[in-house]
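Please read them with the structure open.

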Amino acid sequence: MRTDIQIIEVGPRDGLQNEAVTLATDDKISLIEHLVASGVTRIEAVSFAHPKYVPQLADAEAVMAGIAKRDGVSYIGLVMNWRGWLRAVDTGIDEVNVPLFASDTFNEKNQGVPTSESIEVVRSIALDAHANDISVTATIGTAWGCPFEGEVPIERLVETAAVLAGCGVDEIAIADTIGVGDPWSVTKRLSAVADVVGGVPLRVHFHDTRNTGLANTYAAIEVGVTRIDASVGGIGGCPFAPAATGNIATDDLVYMLNRGGFGHGVSLSSLIGVSGDVEALIGRPVPAMLPAAGDFPPPRS
Ligand code: MG
């Protein structure tokens, strides 16, 4: 067995956030529980974004209250700002993920403030979170490119990561928000980031918008990143490319990791079953390829 890879399942949050249909609270709860039953140990379950902006996930408190939490599983909530943090802290969440963006224009449009101000929000949340025994991830979005500014200079990404590393976060995620990265730039950018974060673990969040998601994941693993975001069935589009897929599919990632001999703890057959449930819930086929192609070698029955 090679290095263990930690899969962070983001379907219930990042996937559903970008789907047209809004699931019932009970359906979200059973989706989360089925993913955990498949072996997922870190799961982005809810969002504490303002319901006006993300109406599909307005029921974060009800979802967290309804989950039968399992030992050894870490439930994550997305927190956009201090107000979101105040909602999250009372729900029994294990971790929060706070996004900000390497591109100021995107940060202004998404968070209403420049990147430097979002970093200060992360610093405050990290301080309070640790007092409450909650872990904090900061995600740097638009780490490869921005729909408004175009190419994001590597220096900008590295500088943002370096400042964040000094904010007391437990992990820094690097996200290709609009899916424009390629594996060679992944090698270059993640190596440069790793040099400035002083041992803070890195995590990656790739989008398959231009079909480079798994290639980018391979490149990230090759430079030593072991924490990878993925979404069951590959659900979740990208708001800037409506016809394209968003997150890399957990199903496809698990297949690739299995073939590579990596440990991760997730059952592919169980996950494919959950993808089937998701198709029924969202009313369309999921973009993941494994549910259609099947595992190889074929599982013995
Ligand atoms: Mg995403």
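Which element gives the most to the lining of the largest cavity? Point 1 has the answer, after a word on the source.

1. **The model and its cavity.** This is a predicted model. A search of the whole structure finds one cavity of 30 Å³ or more. The space in the largest cavity is about 30 Å³. Strand S3 (42-47) and helix H3 (60-66) are the elements that give two or more residues to its lining. S3 gives the most, with three residues.

2. **Residues around the cavity.** The largest cavity is lined by Pro 12, Lys 28, Ala 45, Val 46, Ser 47, Leu 57, Asp 59, Ala 60 and Val 63. By class, six of the lining residues are nonpolar, one is polar and two are charged.

3. **The magnesium ion.** Which residues hold the protein donors of the magnesium ion? They are Asp 14 (OD), His 205 (NE2), His 207 (NE2) and Asn 247 (OD1). The donors lie 1.9 to 2.2 Å from the ion. In sequence, the donor residues follow the spacing D-x190-H-x1-H-x39-N. Both His 205 and His 207 are buried.

4. **The largest pocket.** Its volume is about 1,100 Å³. The lining of the largest pocket counts 43 residues. Nearest the centre of this pocket lie Gln 17, Met 80, Phe 101, Asn 110 and Gln 111. Several elements give two or more residues to the lining, among them helix H1 (11-17), helix H4 (82-88), strand S5 (95-101) and helix H6 (115-131). S3 also belongs to that group, as do H5, strand S6 (135-141) and strand S12 (237-238). The lining of the largest pocket has 19 nonpolar, 17 polar and seven charged residues.

5. **The second largest pocket.** The volume here is about 180 Å³. Lining the second largest pocket are 13 residues. Closest to its centre are Asp 208, Asn 211, Asp 252, Pro 287 and Met 289. By class, the lining of the second largest pocket divides into seven nonpolar, four polar and two charged residues.

6. **Aromatic pairs.** How many aromatic pairs does the structure hold? There are three. A pair of aromatic rings is described by the distance of the centres and the angle of the planes. For Phe 106 and Phe 148, the ring centres are 5.8 Å apart and the planes are at 45°, so the pair is tilted.

7. **Around the Phe pair.** Is Phe 106 buried or exposed? Phe 106 has 5% relative accessibility, so it counts as buried. Phe 148 has a relative accessible area of 37% and is partly exposed. Phe 101, Phe 106 and Phe 148 form one aromatic cluster. Lys 109 also comes into this picture: its charged end sits over the ring of Phe 148, 4.9 Å from the ring centre.

8. **Val 113.** This residue lies in the loop between H5 and H6. Val 113 is partly exposed, with a relative accessible area of 21%. The cut-off for buried is under 20%. Val 113 and Leu 100 are 13 residues apart in sequence. In space they are 9.8 Å apart, C-alpha to C-alpha.

9. **Backbone points to check by eye.** Most residues other than glycine have a negative phi, and most peptide bonds are trans. The peptide bond from Phe 296 to Pro 297 is cis, with omega near -10°. Pro 297 is in the segment after helix H12 (290-293). Asp 133 has a positive phi, near 60°. Thr 142 also has a positive phi, of about 45°, although it is not a glycine.

10. Asp 133 is in the loop between H6 and S6. With 71% relative accessibility, Asp 133 counts as exposed. Thr 142 is in the loop between S6 and S7. Thr 142 is buried, with a relative accessible area of 0%.

How values were computed
Residues are numbered from 1 along each chain as its sequence is written. This is a predicted model: local features need pLDDT of at least 70, side-chain atom pairs count only at pLDDT 80 or more; totals for chains, interfaces and linings use all residues. Side-chain values use heavy atoms; hydrogens and water are left out. Donors are N, O and S atoms within 2.8 Å of the metal (3.2 Å for Na, K and Ca); water is not among the atoms, so sites may look incomplete. Buried means under 20% relative accessible area, exposed over 50%, partly exposed in between (1.4 Å probe, protein chains only). On a 1 Å grid over the protein atoms alone, a cavity is a set of points where a 1.4 Å probe fits but cannot get out, and a pocket is an open set with protein on both sides within 12 Å along at least five of seven lines; lining residues have an atom within 4 Å of a point. Grid points are joined across faces, edges and corners, and a volume is the space filled by probe spheres set on the points. Helices (H or I, at least four residues) and strands (E, at least two) are DSSP runs, numbered from the N terminus. Ala, Val, Leu, Ile, Met, Phe, Trp, Tyr, Cys and Pro count as nonpolar, Asp, Glu, Lys and Arg as charged, and the others, Gly among them, as polar. Rings of Phe, Tyr and Trp (its six-membered ring) pair if their centres lie within 6.5 Å; planes under 30 degrees apart count as stacked, over 60 as edge-to-face and the rest as tilted. A charge sits over a ring if NZ of Lys or CZ of Arg is within 6 Å of the ring centre and within 35 degrees of the ring normal.
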